[in-house]
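User: I'm new to reading protein models and would like to learn how. Could you walk me through one, feature by feature?

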Amino acid sequence: MHFIRVPALAGIVVLKSVSLNTIASLKIGESGIISDENKHSIPLKLLEMGCLPGVEVTLLQIAPLNDPMYIVVNGSHLAIRKETASKIKLMNLETQDCER
Amino acid sequence: MKDSIQVSLIGNPNTGKTSLFNRLTGLNQKVGNYPGITVDKKQGTCKLTSEVKAVITDLPGTYSINPTSIDESIVLKVLNNTKGENYPDVILFVADVENLKRNLLLFTQVQDLGVPTVLAINMVDEMGKKGISIDTEQLEKELQTKVVLVSAKKNDGISEMKELLANPASLPLGYNFSSITAKINEQYFSELQKVNPNASLYELWLSVTQKSFLTNSKEDFSSFLDDVTQLKKYQQKETIYRYQRINEILKKTYTLDRSKATDVRSRLDRIFTHKFFGYFIFFGILLLIFQSIFDWATVPMDYIDGVFGSLSESLKAQLPEGMFTSLLTDGVIPGIGGVVIFIPQIAILFFLIAILEESGYMSRVVFLMDKIMRRFGLSGKSVIPLISGTACAIPAIMATRTITSWKERLITILVTPFTTCSARLPVYAILIAIIIPDKKVFGIFNLQGLTLLGLYVLGFSAALIAAYVLNKVLKMKSKSLFVIEMPDYKIPSLKNVLFSVIEKTKSFVFDAGKIILSISIILWFLATHGPSSYYEVEEKVKTELASQNLSEQELEQLIASVKMENSFIGIAGKTIEPVVKPMGYDWKLGIGLIASFAAREVFIGTLATIYSIEGVEDEGTIKERMQAEINPDTGEKRFDFATGMSLLIFYVFAMQCMATLAVVKRETKSWKWPVVQLVAMGIIAYSSATLVYQFLS
């Protein structure tokens, strides 16, 4: 979980959780569910190849030099560049909003 | 061909579509061109039933009707042009049993275009192994189509499939686009329908969304083209709704028992994409490819060389002397020989590449190499063209068509001619033999071999550096997505591999052949004709030398040499002498450079003629003769170390192949890029050769 500092009123510090989980943040062997939010940011070609919101995606392998990434989604075995993978958000399974 | 029906084969890549095509047509196939585009059109004929014959077109594989590359755009273009000669009476849609869900996306798109369609689910022989079962009857009902389970490999279900295809009128039409438009924005689509009430709504929708590919539509869609983001959103929604429907249908008709699935793919993937073994295996395969091109291929190549040499000789001896004989034996036959000689290398290379592609391994290479290649502005997909370039740049440049980013593709096209193609080899071989001593260094390495290796490395490095520079210099927007499918591994079908070898070799022979042959004939003309004084030279030489008591053979050789000097090409060589002088060359070598534009290896033959050597096919003689040649200015050997190195460097960098330039023009659709290539590579070659010569001499 990553946090950013949001400057707020009169000295009160608010930390707000920001979901940064994307396919690019998966570890090898891990799975996630593609998020429904921002579904318009998934390129058409990827949608057409089965990379749809609500579908499970598993990271199978990362190429040497950390790019591209080899995923399996909806039965399709695909290699996509990290740049693309980092744009596809995953559902945040443990959404927590922290306020202090 | 009007008495037979038109069948189009459509499907995703890696579905065994080509196997099915080969199964249906056997050897009755040919490769042509689609009007206006350079993608190969594979067609074949097949007897569907005793009455119905079919012309079958194998359209390039695509995941969607919305294309991202030229190859993929063919399906859209063929299906959009209802009056085109290839517009199908019936579509044979090929899906593979394992990826049925994804395959059905394209299927529903195709179905919405209103052409009778048969759904062939291929590779059903693997259903048991993969734990898959399909309720065909229910699937037919839900999709409103006819379904056949086939195995191209085992020849199962083929005759049933043929019978369905033979009767297009009896096939159901499953139009379903209206249910999608209702969910997206009913009003928007009813406005769209008003543009042309008689047209199919899905066709209109494609005309709007694929405006850049479909330039021939007559309707005015301008009001629909303004809001690009909205169009994109609607396309995304369309895809999601299509998948929703497919999911629902498959839930009722398709079951997958994961416990039965074997895990060969992931085990092989762990080895082939391993960060150490992956590269190790890849470089091993590269070595094997080079070994086959440069060692095994030389046997048939020497044989071909010999056959064409002796054919020329014997025709020369038998036919009456004259213009026609000269054209035949010095122009046409060596010209054809110059093309045919590359067939072994190209066929072997395509054989190996076809095996790598068929087996599914090539995708892993693309995966492994993408990041490295990207640093140079290339793509993982550039690896295949660069490897192919070691045989010949022409098929290599044609292999760039799979690269979806135009910038990456253009850079690959521009730098591929730097890789050491096989036409450079004879030139390298003879120059190295002359200037590099045949001795061992460090006990095991042969100095000549090391030099050759160095030239290869130099060529590859030049390609990468040029790509790096071009990537910085070329300011073009190239937003394109890199997605490749990693197909399951499979044992390549020998039939598919052989068909692919035949097809690609044929297209090389005819594409490059035309150009190499015509340039050979032009060069022959320039070498055997000259201004009026040319025709008196022979007599002059004869009278001058009459007293010197030369043997007839020596006299003939001298005459040939003097004639060449006075021919058009000789004059051209003398004209460019001041230009090539800084590189250490004289007019004779200048002629050699000019002649190299037909194909680089012509250099050797031309020098042989200029230095008046009998028996061109004997490399040893040429070598001795070249070694003995004296530079009149210095009194030293003509091919000293400096000149030889300068020539080698020139051949590494220079763009001396008209056939490649023609292919670049065709693939980039403009004269700009071949001209850029010619000039830039020429400048690099000229300046480095000059530097090398000035430094060494």
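Analyst: We'll take the features one at a time, with the general idea ahead of the case where there is one. Keep in mind that this is a predicted model.

User: Let's start with chain A. How many helices and strands are there in chain A, and in what order do they run?

Analyst: Chain A has 2 helices and 6 strands. Going from the N terminus, the order is β-β-β-α-β-β-β-α. Of the 100 residues in chain A, 45% are buried. If you take the contacts in chain A with a separation of 6 or more, 48% are between residues 24 or more positions apart.

User: And how do I read the place where chain A and chain B meet? How many residues of each are in contact?

Analyst: On the chain A side there are 31 residues in contact with 38 residues of chain B. Together the two chains bury about 3200 Å², with 62% of that on carbon and sulfur atoms. In chain A, the residues that lose the most area to chain B are A:Lys45, A:Glu48 and A:Arg81, which together make up 23% of what that side buries.

User: What about polar contacts between chain A and chain B, how many residue pairs are there?

Analyst: There are 18 residue pairs in polar contact between chain A and chain B, counting pairs with both residues at pLDDT 80 or more. On the side of chain A that touches chain B, the elements giving two or more residues are helix 1 (44–48), strand 4, strand 5 and strand 6 of chain A.

User: Now salt bridges. What's the general idea?

Analyst: Side chains of opposite charge can pair when their charged atoms come close. In this model, a search of the whole structure finds 25 salt bridges over all chains, and 4 salt bridges are counted between chain A and chain B.

User: Which residue of chain A does B:Arg374 pair with?

Analyst: That partner is A:Asp67, with the closest N and O atoms 2.7 Å apart. Another pair is A:Arg81 with B:Asp370, at 2.9 Å from N to O. A:Arg81 sits in the loop between strand 6 and helix 2 (82–85) of chain A, while B:Asp370 is in helix 16 of chain B, so this pair joins two chains. Both A:Arg81 and B:Asp370 are buried. There's a network here too: salt bridges link A:Asp67, A:Arg81, B:Asp370, B:Arg374 and B:Glu408.

User: Which residues does B:Lys130 form salt bridges with?

Analyst: One partner is B:Glu98, where the closest N and O atoms are 3.2 Å apart. This pair links distant parts of the chain, with B:Lys130 in helix 4 of chain B and B:Glu98 in the loop between strand 5 (90–96) and helix 3 (100–111) of chain B, 32 residues apart. B:Asp488 is also a partner, at 3.4 Å from N to O. B:Asp488 lies in the loop between strand 12 (483–485) and helix 22 of chain B, 358 residues from B:Lys130.

User: Are those residues buried or exposed?

Analyst: B:Lys130 is buried, at 14% relative accessible area. B:Glu98 is partly exposed at 29%, and B:Asp488 is partly exposed at 24%.

User: How do I read the sides of a helix?

Analyst: An α-helix has 3.6 residues a turn, so residues three or four places apart point the same way. Take helix 11 of chain B, where B:Arg265, B:Ser266, B:Asp269 and B:Phe272 are buried. Those four cover an arc of only 130° around the axis, which puts them on the same side of helix 11 of chain B.

User: What covers the buried residues of helix 11 of chain B?

Analyst: The cover includes strand 4, strand 5 and strand 6 of chain A, along with helix 12 and helix 16 of chain B.

User: Where does UniProt place the feature "transmembrane region" in chain B?

Analyst: The unreviewed UniProt entry gives several spans in chain B, including 276–294 and 641–663. In this model, residues 276–294 of chain B are 95% helix and 0% strand, with end C-alpha atoms 27 Å apart. Residues 641–663 of chain B are 83% helix and 0% strand, and their end C-alpha atoms lie 35 Å apart.

Terms used. Residues numbered from 1 in each chain as written. Chains lettered and ligands numbered in written order. Predicted model: local features only at pLDDT ≥ 70, side-chain atom pairs only at ≥ 80, totals over all residues. Heavy atoms only, no water. Buried < 20%, exposed > 50% of the residue type's maximum accessible area, 1.4 Å probe, protein only. Arc of directions from axis to C-beta. Contact = heavy atoms within 4.5 Å. UniProt positions renumbered as here; feature names shortened; annotations may be inferred. Buried area = accessible area lost by both parts, 1.4 Å probe. Salt bridge = Lys/Arg side-chain N within 4 Å of Asp/Glu carboxyl O. Polar contact = N/O pair within 3.5 Å; in protein donor to acceptor, adjacent residues only side chain to side chain.
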